[in-house]
Amino acid sequence: GKSGYDHYMLKEIHEQPRALRQCLSGRVDERRGEVTLSELEGLETPSAVHLVACGTSYHAALYGVQLFHSLGIPAQAFLASEYATGVPPLGDSLVVGITQSGETADTLSALREARARGARTLAVTNVVGSTAARECDYALYIRAGPEIGVAATKTFSSQLVSLNLLVEYLAGDQRSSEERRAVLQTLRDLPGRVQQVLDESMAEEVAAEYLGADGYFFIGRGLNYPVALEGALKFKEITYEHAEGFAAGELKHGTLALVTENTPVFAVVTGEDAPAKKTLGNVREVESRGAPVIAVTDDDQIERYADASLRVPSGSARVAPVLVNVQLQLVAYWVANALGRSIDKPRNLAKSVTVE
Ligand code: F6R
(Lines give C-alpha, C1' and ligand atoms only; values in the text may rest on other atoms or scores of the structure.)
Protein backbone atom coordinates (compact mmCIF):
# COMPACT_ATOMS: atom_id res chain seq x y z
CA GLY A 1 0.00 0.00 0.00
CA LYS A 2 0.86 3.67 -0.02
CA SER A 3 1.39 3.82 3.79
CA GLY A 4 -0.79 6.91 4.14
CA TYR A 5 0.74 8.83 1.23
CA ASP A 6 -1.55 10.00 -1.60
CA HIS A 7 0.77 8.54 -4.23
CA TYR A 8 3.43 5.85 -4.50
CA MET A 9 5.76 8.50 -5.85
CA LEU A 10 5.57 10.54 -2.65
CA LYS A 11 5.98 7.40 -0.57
CA GLU A 12 9.02 6.39 -2.60
CA ILE A 13 10.55 9.87 -2.33
CA HIS A 14 10.21 9.52 1.44
CA GLU A 15 11.68 6.02 1.38
CA GLN A 16 15.02 7.33 0.12
CA PRO A 17 16.84 7.40 3.47
CA ARG A 18 15.96 3.73 3.96
CA ALA A 19 16.79 2.81 0.37
CA LEU A 20 20.23 4.39 0.71
CA ARG A 21 20.89 2.64 4.02
CA GLN A 22 20.03 -0.67 2.38
CA CYS A 23 22.31 0.16 -0.52
CA LEU A 24 25.23 0.82 1.84
CA SER A 25 24.50 -1.95 4.31
CA GLY A 26 27.40 -4.33 4.84
CA ARG A 27 29.35 -2.75 1.99
CA VAL A 28 31.14 0.10 3.68
CA ASP A 29 33.73 0.06 6.44
CA GLU A 30 34.45 3.73 6.86
CA ARG A 31 36.95 3.23 9.68
CA ARG A 32 39.21 1.03 7.56
CA GLY A 33 38.33 2.82 4.36
CA GLU A 34 37.10 -0.34 2.65
CA VAL A 35 34.28 -1.10 0.24
CA THR A 36 33.08 -4.69 -0.06
CA LEU A 37 31.03 -5.61 -3.12
CA SER A 38 31.00 -9.38 -3.00
CA GLU A 39 29.13 -9.65 -6.31
CA LEU A 40 32.01 -7.93 -8.13
CA GLU A 41 34.75 -10.27 -6.97
CA GLY A 42 37.26 -10.75 -9.76
CA LEU A 43 36.39 -7.51 -11.55
CA GLU A 44 39.62 -5.66 -12.23
CA THR A 45 40.06 -1.90 -12.46
CA PRO A 46 39.24 -1.07 -16.08
CA SER A 47 41.41 1.12 -18.28
CA ALA A 48 38.28 2.85 -19.65
CA VAL A 49 34.53 2.73 -19.09
CA HIS A 50 31.45 3.14 -21.27
CA LEU A 51 28.21 3.74 -19.41
CA VAL A 52 25.00 3.00 -21.33
CA ALA A 53 21.49 3.82 -20.12
CA CYS A 54 18.17 5.54 -20.90
CA GLY A 55 16.19 8.34 -19.30
CA THR A 56 16.79 8.83 -15.61
CA SER A 57 19.40 6.08 -15.59
CA TYR A 58 21.29 7.98 -18.29
CA HIS A 59 21.47 10.94 -15.91
CA ALA A 60 23.02 8.61 -13.33
CA ALA A 61 25.49 7.57 -16.05
CA LEU A 62 26.48 11.21 -16.66
CA TYR A 63 27.19 11.54 -12.93
CA GLY A 64 29.13 8.26 -12.95
CA VAL A 65 31.38 9.53 -15.74
CA GLN A 66 32.58 12.36 -13.53
CA LEU A 67 33.33 9.96 -10.66
CA PHE A 68 35.45 7.77 -12.94
CA HIS A 69 37.25 10.85 -14.19
CA SER A 70 38.10 11.75 -10.60
CA LEU A 71 40.01 8.44 -10.54
CA GLY A 72 41.78 9.22 -13.79
CA ILE A 73 39.80 6.54 -15.66
CA PRO A 74 38.47 7.72 -19.05
CA ALA A 75 34.71 7.26 -19.10
CA GLN A 76 31.86 8.18 -21.42
CA ALA A 77 28.09 8.01 -21.07
CA PHE A 78 25.92 6.98 -24.00
CA LEU A 79 22.20 6.91 -24.60
CA ALA A 80 21.65 3.19 -25.02
CA SER A 81 19.50 3.63 -28.13
CA GLU A 82 22.33 5.51 -29.85
CA TYR A 83 25.10 3.19 -28.67
CA ALA A 84 23.70 0.18 -30.43
CA THR A 85 23.44 2.14 -33.69
CA GLY A 86 27.10 2.99 -33.83
CA VAL A 87 29.25 1.35 -31.17
CA PRO A 88 32.33 3.48 -30.52
CA PRO A 89 35.79 1.90 -30.35
CA LEU A 90 35.86 -0.26 -27.24
CA GLY A 91 39.53 -0.92 -26.55
CA ASP A 92 39.33 -2.92 -23.36
CA SER A 93 36.62 -0.76 -21.85
CA LEU A 94 34.29 -2.12 -19.23
CA VAL A 95 30.72 -1.51 -20.42
CA VAL A 96 28.37 -0.61 -17.60
CA GLY A 97 24.61 -0.76 -18.23
CA ILE A 98 22.64 1.27 -15.71
CA THR A 99 19.08 0.00 -15.66
CA GLN A 100 16.81 0.04 -12.67
CA SER A 101 14.45 -2.59 -14.10
CA GLY A 102 17.13 -4.60 -15.86
CA GLU A 103 14.63 -5.04 -18.71
CA THR A 104 14.92 -1.89 -20.83
CA ALA A 105 15.20 -3.08 -24.44
CA ASP A 106 17.54 -0.31 -25.60
CA THR A 107 19.95 -0.91 -22.74
CA LEU A 108 19.87 -4.67 -23.22
CA SER A 109 20.74 -4.30 -26.92
CA ALA A 110 23.58 -1.93 -26.17
CA LEU A 111 24.99 -4.42 -23.66
CA ARG A 112 24.53 -7.30 -26.13
CA GLU A 113 26.37 -5.33 -28.85
CA ALA A 114 29.24 -4.69 -26.44
CA ARG A 115 29.39 -8.33 -25.40
CA ALA A 116 29.34 -9.48 -28.99
CA ARG A 117 32.48 -7.39 -29.52
CA GLY A 118 34.19 -9.03 -26.57
CA ALA A 119 33.69 -6.36 -23.92
CA ARG A 120 33.24 -7.21 -20.25
CA THR A 121 29.85 -5.99 -19.08
CA LEU A 122 28.42 -4.95 -15.75
CA ALA A 123 24.75 -4.29 -14.95
CA VAL A 124 23.89 -1.78 -12.23
CA THR A 125 20.32 -2.76 -11.47
CA ASN A 126 17.61 -2.97 -8.85
CA VAL A 127 16.18 -6.29 -9.91
CA VAL A 128 17.86 -9.52 -8.92
CA GLY A 129 17.58 -12.06 -11.72
CA SER A 130 16.59 -9.43 -14.31
CA THR A 131 17.67 -9.94 -17.92
CA ALA A 132 20.50 -7.41 -17.58
CA ALA A 133 21.74 -9.08 -14.40
CA ARG A 134 21.67 -12.52 -16.05
CA GLU A 135 23.30 -11.51 -19.31
CA CYS A 136 26.14 -9.37 -17.99
CA ASP A 137 29.41 -10.70 -16.61
CA TYR A 138 28.78 -8.86 -13.36
CA ALA A 139 25.77 -7.32 -11.61
CA LEU A 140 25.85 -4.66 -8.93
CA TYR A 141 22.54 -4.42 -7.09
CA ILE A 142 21.36 -0.99 -6.00
CA ARG A 143 18.95 -2.46 -3.40
CA ALA A 144 16.37 0.35 -3.52
CA GLY A 145 13.43 -2.00 -2.95
CA PRO A 146 10.40 -2.17 -5.24
CA GLU A 147 9.44 1.06 -7.03
CA ILE A 148 5.80 1.27 -8.12
CA GLY A 149 5.57 4.87 -9.34
CA VAL A 150 6.43 5.11 -13.03
CA ALA A 151 8.71 8.08 -12.33
CA ALA A 152 12.03 6.82 -11.01
CA THR A 153 12.86 8.41 -7.66
CA LYS A 154 14.54 6.27 -5.02
CA THR A 155 16.15 4.10 -7.68
CA PHE A 156 17.95 7.18 -9.08
CA SER A 157 19.37 8.06 -5.65
CA SER A 158 20.43 4.46 -5.13
CA GLN A 159 22.09 4.44 -8.55
CA LEU A 160 24.14 7.52 -7.62
CA VAL A 161 25.23 5.94 -4.35
CA SER A 162 25.97 2.60 -6.02
CA LEU A 163 28.17 4.37 -8.57
CA ASN A 164 30.07 5.93 -5.68
CA LEU A 165 30.58 2.46 -4.20
CA LEU A 166 31.64 1.04 -7.56
CA VAL A 167 34.20 3.76 -8.14
CA GLU A 168 35.66 3.46 -4.64
CA TYR A 169 35.75 -0.32 -5.00
CA LEU A 170 37.68 -0.04 -8.25
CA ALA A 171 39.91 2.78 -7.07
CA GLY A 172 42.56 0.43 -5.68
CA ASP A 173 45.60 2.39 -4.57
CA GLN A 174 44.55 5.43 -6.60
CA ARG A 175 43.01 6.70 -3.36
CA SER A 176 44.83 7.10 -0.07
CA SER A 177 43.00 5.35 2.76
CA GLU A 178 42.39 8.78 4.24
CA GLU A 179 40.63 9.98 1.09
CA ARG A 180 38.62 6.80 0.93
CA ARG A 181 37.61 7.10 4.60
CA ALA A 182 36.38 10.63 3.98
CA VAL A 183 34.28 9.58 0.98
CA LEU A 184 32.82 6.62 2.85
CA GLN A 185 31.98 8.76 5.86
CA THR A 186 30.13 11.13 3.54
CA LEU A 187 28.15 8.24 2.09
CA ARG A 188 27.34 6.98 5.56
CA ASP A 189 26.00 10.40 6.58
CA LEU A 190 23.95 10.77 3.42
CA PRO A 191 20.71 9.00 4.45
CA GLY A 192 20.43 11.31 7.50
CA ARG A 193 20.96 14.34 5.29
CA VAL A 194 18.30 13.16 2.85
CA GLN A 195 15.96 12.82 5.83
CA GLN A 196 16.75 16.40 6.81
CA VAL A 197 15.86 17.63 3.31
CA LEU A 198 12.58 15.70 3.45
CA ASP A 199 11.74 17.12 6.89
CA GLU A 200 12.53 20.73 6.05
CA SER A 201 11.68 21.05 2.36
CA MET A 202 9.84 24.15 1.19
CA ALA A 203 9.14 22.54 -2.20
CA GLU A 204 5.36 22.58 -1.76
CA GLU A 205 5.39 26.36 -1.19
CA VAL A 206 7.74 26.94 -4.11
CA ALA A 207 5.56 24.77 -6.36
CA ALA A 208 2.46 26.79 -5.45
CA GLU A 209 4.26 30.07 -6.07
CA TYR A 210 5.36 29.21 -9.62
CA LEU A 211 2.32 27.39 -10.99
CA GLY A 212 1.14 28.46 -14.42
CA ALA A 213 4.48 29.53 -15.89
CA ASP A 214 5.23 29.28 -19.64
CA GLY A 215 8.05 26.84 -19.02
CA TYR A 216 10.61 25.80 -16.44
CA PHE A 217 14.38 25.64 -16.77
CA PHE A 218 16.88 23.75 -14.67
CA ILE A 219 20.57 24.62 -14.73
CA GLY A 220 23.61 23.10 -13.05
CA ARG A 221 27.30 22.60 -13.69
CA GLY A 222 29.68 19.70 -13.14
CA LEU A 223 28.17 17.07 -10.85
CA ASN A 224 25.03 19.20 -10.67
CA TYR A 225 24.49 19.09 -14.43
CA PRO A 226 23.02 15.57 -14.47
CA VAL A 227 20.56 16.50 -11.72
CA ALA A 228 19.49 19.60 -13.64
CA LEU A 229 18.62 17.25 -16.52
CA GLU A 230 16.92 14.87 -14.14
CA GLY A 231 14.96 17.67 -12.45
CA ALA A 232 13.57 18.70 -15.84
CA LEU A 233 12.77 15.14 -16.93
CA LYS A 234 10.86 14.41 -13.73
CA PHE A 235 9.02 17.71 -14.08
CA LYS A 236 7.92 17.02 -17.68
CA GLU A 237 7.01 13.47 -16.93
CA ILE A 238 4.53 14.10 -14.15
CA THR A 239 3.39 17.73 -14.59
CA TYR A 240 3.09 17.67 -18.44
CA GLU A 241 4.50 21.21 -18.37
CA HIS A 242 7.37 22.19 -20.60
CA ALA A 243 10.70 21.93 -18.82
CA GLU A 244 14.32 21.74 -19.93
CA GLY A 245 17.59 21.09 -18.18
CA PHE A 246 20.89 22.63 -19.24
CA ALA A 247 24.51 22.83 -18.37
CA ALA A 248 24.55 26.26 -16.74
CA GLY A 249 27.18 27.59 -19.11
CA GLU A 250 25.33 26.42 -22.21
CA LEU A 251 22.21 28.50 -21.63
CA LYS A 252 23.70 31.62 -23.21
CA HIS A 253 24.46 29.70 -26.40
CA GLY A 254 20.87 29.75 -27.56
CA THR A 255 18.26 28.84 -25.00
CA LEU A 256 18.59 32.18 -23.28
CA ALA A 257 16.30 33.45 -26.04
CA LEU A 258 13.45 31.57 -24.37
CA VAL A 259 14.02 33.07 -20.94
CA THR A 260 11.39 35.63 -19.87
CA GLU A 261 9.73 36.83 -16.68
CA ASN A 262 7.40 33.86 -17.03
CA THR A 263 10.00 31.08 -17.15
CA PRO A 264 11.24 30.25 -13.66
CA VAL A 265 14.81 28.96 -13.55
CA PHE A 266 15.88 26.42 -10.94
CA ALA A 267 19.58 27.03 -10.45
CA VAL A 268 21.47 24.25 -8.73
CA VAL A 269 24.46 25.79 -7.00
CA THR A 270 26.34 23.87 -4.32
CA GLY A 271 29.79 24.31 -2.86
CA GLU A 272 31.82 27.46 -2.80
CA ASP A 273 34.38 26.70 -5.43
CA ALA A 274 34.88 28.01 -8.95
CA PRO A 275 32.00 26.06 -10.57
CA ALA A 276 29.51 27.58 -8.13
CA LYS A 277 30.85 31.07 -8.84
CA LYS A 278 30.43 30.54 -12.56
CA THR A 279 26.89 29.28 -12.12
CA LEU A 280 26.17 32.44 -10.16
CA GLY A 281 27.19 34.39 -13.24
CA ASN A 282 24.63 32.40 -15.25
CA VAL A 283 22.01 33.15 -12.59
CA ARG A 284 22.60 36.85 -13.17
CA GLU A 285 22.18 36.38 -16.92
CA VAL A 286 18.69 34.97 -16.48
CA GLU A 287 17.76 37.47 -13.79
CA SER A 288 18.57 40.37 -16.02
CA ARG A 289 15.93 38.96 -18.43
CA GLY A 290 13.45 39.09 -15.57
CA ALA A 291 13.22 35.35 -14.91
CA PRO A 292 12.43 34.29 -11.38
CA VAL A 293 15.31 32.26 -9.94
CA ILE A 294 14.89 29.47 -7.45
CA ALA A 295 18.26 28.53 -5.99
CA VAL A 296 18.68 24.92 -4.99
CA THR A 297 21.65 25.38 -2.78
CA ASP A 298 23.67 24.81 0.37
CA ASP A 299 24.96 28.37 0.42
CA ASP A 300 23.44 31.38 2.22
CA GLN A 301 25.18 33.87 -0.03
CA ILE A 302 23.44 32.62 -3.14
CA GLU A 303 20.06 33.27 -1.59
CA ARG A 304 20.71 36.97 -2.02
CA TYR A 305 20.55 36.55 -5.77
CA ALA A 306 17.48 34.33 -5.81
CA ASP A 307 13.74 34.96 -5.56
CA ALA A 308 13.26 31.76 -3.62
CA SER A 309 15.43 28.95 -2.41
CA LEU A 310 15.35 25.27 -1.65
CA ARG A 311 18.03 24.45 0.87
CA VAL A 312 20.17 21.37 1.17
CA PRO A 313 22.60 20.70 4.04
CA SER A 314 26.15 21.72 3.14
CA GLY A 315 28.97 19.22 2.93
CA SER A 316 30.46 17.13 0.21
CA ALA A 317 30.06 18.37 -3.38
CA ARG A 318 30.16 14.75 -4.42
CA VAL A 319 26.86 13.81 -2.75
CA ALA A 320 25.16 17.21 -2.99
CA PRO A 321 23.43 16.10 -6.23
CA VAL A 322 21.54 13.42 -4.29
CA LEU A 323 20.22 16.05 -1.87
CA VAL A 324 19.42 18.55 -4.60
CA ASN A 325 17.56 15.91 -6.51
CA VAL A 326 15.25 15.23 -3.57
CA GLN A 327 14.19 18.88 -3.65
CA LEU A 328 13.61 18.72 -7.41
CA GLN A 329 11.58 15.52 -7.07
CA LEU A 330 9.40 17.24 -4.49
CA VAL A 331 8.88 20.35 -6.63
CA ALA A 332 7.78 18.20 -9.57
CA TYR A 333 5.51 16.21 -7.31
CA TRP A 334 3.80 19.25 -5.76
CA VAL A 335 3.29 20.98 -9.11
CA ALA A 336 1.81 17.78 -10.58
CA ASN A 337 -0.38 17.37 -7.51
CA ALA A 338 -1.69 20.94 -7.77
CA LEU A 339 -2.51 20.31 -11.44
CA GLY A 340 -4.31 17.07 -10.59
CA ARG A 341 -2.08 14.90 -12.78
CA SER A 342 -1.97 11.13 -12.79
CA ILE A 343 1.26 11.10 -10.83
CA ASP A 344 1.92 7.39 -10.42
CA LYS A 345 0.97 6.54 -14.01
CA PRO A 346 1.67 9.52 -16.24
CA ARG A 347 0.02 9.45 -19.66
CA ASN A 348 1.89 7.60 -22.43
CA LEU A 349 4.54 6.18 -20.08
CA ALA A 350 5.30 2.68 -18.82
CA LYS A 351 7.48 1.58 -15.93
CA SER A 352 9.73 -0.50 -18.07
CA VAL A 353 10.18 0.01 -21.77
CA THR A 354 10.66 -3.34 -23.45
CA VAL A 355 10.59 -2.16 -27.09
CA GLU A 356 13.43 -0.44 -28.95
C1 F6R B 1 11.97 8.39 -15.69
C2 F6R B 1 12.10 6.97 -15.93
C3 F6R B 1 12.69 6.49 -17.21
C4 F6R B 1 13.65 5.33 -16.93
C5 F6R B 1 14.16 4.73 -18.24
C6 F6R B 1 15.16 3.63 -17.98
O7 F6R B 1 11.40 8.65 -14.45
O8 F6R B 1 11.74 6.19 -15.08
O9 F6R B 1 13.35 7.52 -17.87
O10 F6R B 1 14.71 5.80 -16.15
O11 F6R B 1 13.07 4.21 -18.96
O12 F6R B 1 14.66 2.62 -17.17
P13 F6R B 1 15.59 1.56 -16.51
O14 F6R B 1 16.43 2.21 -15.49
O15 F6R B 1 14.66 0.54 -15.90
O16 F6R B 1 16.43 0.96 -17.61
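Reply: What follows takes the sheets, helices, cores and a few single residues of this predicted model in turn.

Me: What makes β3 and β4 a pair, and in which direction do they run?

Reply: Two strands count as paired if there are at least two bridges between them. Five bridges join β3 to β4, so the pair meets the cut-off of at least two. The two strands run parallel, and Ala 53 stands opposite Leu 79 in β4.

Me: Why are β9 and β12 called edge strands?

Reply: They belong to an open sheet of five strands in the order β9-β8-β10-β11-β12, with parallel pairing. β9 (243–247) and β12 (308–311) each have a single partner strand, so one side of each has no neighbour in the sheet. The twist in this sheet averages 20° from one strand to the next.

Me: How do you know that β8 pairs with β9?

Reply: Five bridges join strand β8 (residues 216–220) to β9, and the two run parallel. The cut-off is at least two bridges, so this counts as a pair. The bridge partner of Phe 218 in β9 is Gly 245. Helix α10 (residues 224–239) packs on the sheet and touches β8, β9 and β10 (265–269), with its direction at about 175° to that of β9. α13 also packs on the sheet, touching β8, β10, β11 (293–297) and β12, and its direction makes about 165° with that of β10.

Me: How do you know that the length of α5 agrees with that of a helix?

Reply: Helix α5 (residues 105–116) has 12 residues, which at 1.5 Å a residue should span 16 Å. The end C-alpha atoms are 16 Å apart, so the two values agree. The buried residues of α5 include Ala 105, Leu 108, Leu 111 and Ala 114. Among the elements that the buried residues of α5 pack against are β3 (49–53), β5 (94–98) and β6 (120–125). Just after α5, Gly 118 takes a positive phi of about 90°.

Me: Why is Asn 325 called buried?

Reply: Its relative accessibility is 2%, so Asn 325 counts as buried, the cut-off being under 20%. Asn 325 lies in helix α13 (residues 320–338). Leaving aside neighbours within four places in sequence, Asn 325 is in contact with Phe 156, Ser 157, Val 227 and Glu 230.

Me: Why do Arg 180 and Ser 201 count as buried?

Reply: Arg 180, in helix α8 (residues 177–200), has 12% relative accessibility and so counts as buried. Ser 201, in the loop between α8 and α9 (203–209), has a relative accessible area of 18%, so Ser 201 is buried too. Both values are under 20%.

Me: What makes the approach of Arg 180 to Gly 33 a polar contact?

Reply: A polar atom of the Arg 180 side chain lies 3.3 Å from the backbone oxygen of Gly 33, and the cut-off is within 3.5 Å. The side chain of Ser 201 reaches the backbone nitrogen of Ala 203 at 3.0 Å, so that distance is also within 3.5 Å.

Me: Which residues have the most contacts inside the largest nonpolar core?

Reply: They are Leu 51, Phe 68, Ile 98, Leu 122, Phe 218 and Phe 266, in a core of 87 residues. α13 gives the most to this core, with 11 residues. A second, separate core has 19 residues, including Val 259 and Val 283.

Definitions and conventions: Residues are numbered from 1 along each chain as its sequence is written. This is a predicted model: local features need pLDDT of at least 70, side-chain atom pairs count only at pLDDT 80 or more; totals for chains, interfaces and linings use all residues. Side-chain values use heavy atoms; hydrogens and water are left out. Helices (H or I, at least four residues) and strands (E, at least two) are DSSP runs, numbered from the N terminus. The expected span of a helix is 1.5 Å times one less than its number of residues. Buried means under 20% relative accessible area, exposed over 50%, partly exposed in between (1.4 Å probe, protein chains only). Contact means heavy atoms within 4.5 Å. A nonpolar core is a set of buried Ala, Val, Leu, Ile, Met, Phe, Trp, Tyr and Cys residues joined through side-chain atoms within 4.5 Å. Axes are lines fitted to C-alpha atoms, for helices over the stretch in contact, and angles run from 0 to 180 degrees between N-to-C directions. A polar contact is a pair of N or O atoms within 3.5 Å; within protein, one must be able to donate a hydrogen and the other to accept it, and residues adjacent in sequence count only if both atoms are side-chain atoms.
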